[in-house]
Amino acid sequence: MAQATMRRRRRGIGLEVLGGLLLLVWMIPLAIVFINASKTYGEVTANPLALPAHAGAFLDNLRAVFTDRTTDFAGAFWDSFLVTALSLATIVLFASMQAWVLVRRKTRLSAAAFFLYVAAMVIPFQVVMYPMIYFFRSLGEFLGLRLLDTHHGIVFAYLGFGCSMSVFIFHGFIKNIPLALEESATIDGCSQGRLFFSVVFPLLRPVCLTVMILQGIWIWNDYLLPVMMLGTNGRVQTVPIAVKMFAGTYIKQWNLILVTTVLAMLPVIVFFLFAQKYIIRGVIEGALK
Amino acid sequence: MKRNLLWDFAFSLPCFLAFLLVILCPFFLGAWYSFTDWNGINYTVNFVGWANYRNIFSSPQFLFSLYQTLLYALLDVVFIHVVAFGLALLVTSRVRLRNVYRAGFFLPNLIGGIVLGFIWQFMYKDFFTAIGKLLDIPGMKTSLISSASTVVLGMSLATTWQYAGYIMLIFVAAIQGVPQEVLESAAVDGAGAFTRVRKILIPMMRNAFTISLFLVITTSFKQFEKNLTLTNGGPATRFLGKVVQGGSLVPLTIYNESVSANNLSKGQAMSVVFFLVLVLFSLMQVVVSKRKEVEQ
């Protein structure tokens, strides 16, 4: 008996060590990025394995990135933040409204619309991107509705690309909300608009969080849609576009390029450290749907 | 319950309008354009029949990137499943820091494709080659992504680093759904850890494998941003007697065809083929999971 416990304990220690080692291996790329972002250009090219020779190089690199005239990183952060926040608010609001109508009104039309939303999830971005840009440009030319190179344009596009999955997730959740709650509110003389916003919407908080986490990580990191809609050097520029542009200008200057990658990763990683529980739960829920 | 059609309409309008203008219209427009000589500038387009499709299926670049994409997806499926399953076993065991491990392995998923591509470009071109030279390892002195025969392997390893933690979460949820008593009674009956995993855990995780397979395949096919900044399509190689970009997966080839070569209708034909391949895989997944539901 004692022997078996010993063996189990030894195996437990073995697993403990294995886990630690694996995690260490997993963190190597990130460590290498941080180390080389804290070196001068000469140090990186001389030996990418060496540790930084002197402190302060990271701040110097950071200053070089932010004072660079070809790319406005501060502006890119503001735009990325704005685009992500506005897109999330828009998606959560309109997708939940749409999903609620589709769940509660059981007609052939609503079934067809729901099917369309779900089926569209298979469509890869590549198929629609050029026709969409062309279509938007024509709208701008003929109706004066400017969707390219504007904040509202890209938020609208994110609503379009994000609504399929969001409607699907909201739909699954609203289906399980008992009707009785809404019925009693209707008897009290509540209009449909008030019914949704004061009775139904507050119940959706956990799903809203799931949707925001899934779409938020995607929108913050997305490159192809913004670059198609905003161009590489437009009035609005998101962080991934800025990183790509910067790396194109400073070819091989890895100390600076790696600083920009750190900058782009940092907000999401910090957010993850604080909201880890919700993010992991949200991701699992999103995947299993 | 009293319901107002006007309210329903108002509630549906914003979402459906965006869906219509951003996805549906461009989708059908794009499918139509693949049969025309559309170039994105002229408002009049001419119907050309199957010419674009004939064109792309005789294009060495498209065929080679289709081949590389299939190979890449296959490598992704194998690597990611093996690694993710191992990690899932680790973080569901009685290891003390399992929550830290779980978070750590998942972390790379938060990194965007553009940034990830640059990070791994540096890893391959500078870090690994420096180690190869330092320790005098012959195969490691040149980077994986500088040769057309290994570039797909390099991309796949980078993707595994990123995506395995995500698939791990799906496996963890599945493992936690397996009743503990079944595993315990098997252990009492003398089944070793390996047998328990192979005979009980894996068969009971079949639904999770269907999901993970689908996710890995579709994500591998849709890979664009990482491809753009990791290899930017290179290195060049020869295929069917033509010089082609060896490290360009289908989405990047579509992008380059449409942007650089300004051959929009040809790129549109490629993306329709690409879409059909994805639909095929999705339908396969639906059929397989339906059949499994019947069995259970």
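In the predicted model, 69 residues of chain A are in contact with 74 residues of chain B. On the side of chain A that touches chain B, helix H13 of chain A (residues 254-288) provides the largest share, with 15 residues. The composition of that side of chain A by class is 53 nonpolar, twelve polar and four charged residues.

Chain B contains twelve helices and two strands. Along the principal axes, a box of roughly 75 × 75 × 30 Å holds the C-alpha atoms of chain B. Chain B has 296 residues, of which 44% count as buried. Among the contacts in chain B with a separation of 6 or more, 70% are made by residues 24 or more positions apart.

The largest nonpolar core comprises 158 residues. Within this core, the residues with the most contacts are Cys15(B), Ala84(B), Ala164(B), Ile167(B), Met168(B) and Phe171(B). Helix H6 of chain B, spanning residues 151-177, supplies the largest share of the core, 17 residues.

When neighbours within four places in sequence are left aside, Phe171(B) is in contact with Ala84(B), Phe85(B), Ala88(B), Met205(B) and Ala208(B). Of these partners, Ala84(B) is itself listed with Phe171(B) among the residues with the most contacts inside the core.

Technical notes:
Residues are numbered from 1 along each chain as its sequence is written. Chains are lettered from A and ligands numbered from 1 in the order in which they are written. This is a predicted model: local features need pLDDT of at least 70, side-chain atom pairs count only at pLDDT 80 or more; totals for chains, interfaces and linings use all residues. Helices (H or I, at least four residues) and strands (E, at least two) are DSSP runs, numbered from the N terminus. A residue is buried if 20 or more other C-beta atoms lie within 10 Å of its own, exposed if 12 or fewer, and partly exposed in between; C-beta atoms are placed from the backbone. Two residues are in contact if their C-beta atoms, placed from the backbone, lie within 7 Å. A nonpolar core is a set of buried Ala, Val, Leu, Ile, Met, Phe, Trp, Tyr and Cys residues joined through C-beta atoms within 7 Å. Ala, Val, Leu, Ile, Met, Phe, Trp, Tyr, Cys and Pro count as nonpolar, Asp, Glu, Lys and Arg as charged, and the others, Gly among them, as polar.
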